[in-house]
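This report concerns the packing of nonpolar side chains and the pockets of one protein. The sequence and the structure are shown first.

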Amino acid sequence: MSVQAKDPRRVGVFGGTFDPPHLGHLVVAVNVLHELKLDEVILMVANDPWQKQGTREISPAIDRLALVEAAVHGIPGLTAGSLELELGGPSYTADTLEHLHAREEHLELFTIVGADAANGLLTWHRHERVSELSTLVVVDRPGVESALPTPSTGCWHRVEIPHLEVSSSDLRDRVNDGRPLDFLVTSSVLAEIEARLMYRGQGATA
Ligand code: ATP
Ligand code: MG
């Protein structure tokens, strides 16, 4: 009797600092999930976003993970990724993809990035490995001129999404200034930010 090969599970890895996660992130995740018929999109929380270190105060990874868990709660296909916290140290997408492959045999991986992140892709640690292990998925980001990935970034897709000019930097400034976050983050994320007293008295961020 022949054993039929199982179709690989199609999983999107959407990495970020998520400090905090906002509607821009969720709109990216649900639209890529839908367009590419993925089984899951993991919002992968960076343990140590090494390229941001020294530029500003970064909230503890455990708090950012709790916010992402609140953000994806009840949204089919979206999950919060804690793998980079478990691995510890600086977070490199190449390592993350290797661990995901090691944990699950039949997996087809997609690395999802906004245009700003895509433009910086060649500065990533072992970026060639990211292209070997996954298909790159690029989404537009308002205000960012998109330099298309070069041939060295391998196979890639562009997914059209509604353009939402929301950023975590602006949201942190809003909390600091006492301006509302309503409708820019989910109400569950807002409740977590308030309960954890996050982003107060940090001064403006660039
Ligand atoms: P910060 O202002 O602190 O850099 P951010 O809003 O850029 O925060 P990140 O956690 O840095 O959020 O981004 C994670 C990923 O989400 C990146 O690939 C980024 O390009 C993408 N992204 C963030 N906001 C948007 C948005 N509004 N539209 C499209 N992509 C986005
Ligand atoms: Mg950013």
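## Core packing and pockets

Leaving out residues up to four places away in sequence, L43 touches F14, F18, L26, A29, V68, V72, L78, T79, A80 and G81, where contact means heavy atoms within 4.5 Å. The model is predicted, so that local features need pLDDT of at least 70 and side-chain atom pairs count only at pLDDT 80 or more, whereas totals for chains, interfaces and linings use all residues. Residues are numbered from 1 along each chain as its sequence is written, chains are lettered from A and ligands numbered from 1 in the order in which they are written, and side-chain values use heavy atoms, with hydrogens and water left out.

L43 is also among the residues with the most contacts inside the largest nonpolar core, together with F14, V32, V41 and L78; this core has 36 residues. A nonpolar core is a set of buried Ala, Val, Leu, Ile, Met, Phe, Trp, Tyr and Cys residues joined through side-chain atoms within 4.5 Å. Buried means under 20% relative accessible area, exposed over 50%, and partly exposed in between (1.4 Å probe, protein chains only). At least two core residues come from each of α1 (23-35), β2 (40-45), α2 (61-72), β4 (107-114), β5 (134-139) and α8 (187-195). Helices (H or I, at least four residues) and strands (E, at least two) are DSSP runs, numbered from the N terminus. Helix α2 supplies the largest share of the core, seven residues. Another core, of 18 residues, lies apart from this one and includes A94, L100, W124 and L136.

The pockets are compared below. On a 1 Å grid over the protein atoms alone, a pocket is an open set of points where a 1.4 Å probe fits, with protein on both sides within 12 Å along at least five of seven lines; lining residues have an atom within 4 Å of a point. A volume is the space filled by probe spheres set on the points, which are joined across faces, edges and corners.

| Largest | about 1,200 Å³ | G15, G16, T17, K52 and A117 |

Elements giving two or more residues to the lining of the largest pocket are β1 (9-16), α1, β4, α5 (115-119) and α7 (168-177).

Helix α7 contains S168, which is buried, with a relative accessible area of 12%. Beyond its neighbours within four places in sequence, S168 is in contact with D19, P20, H22 and H25.
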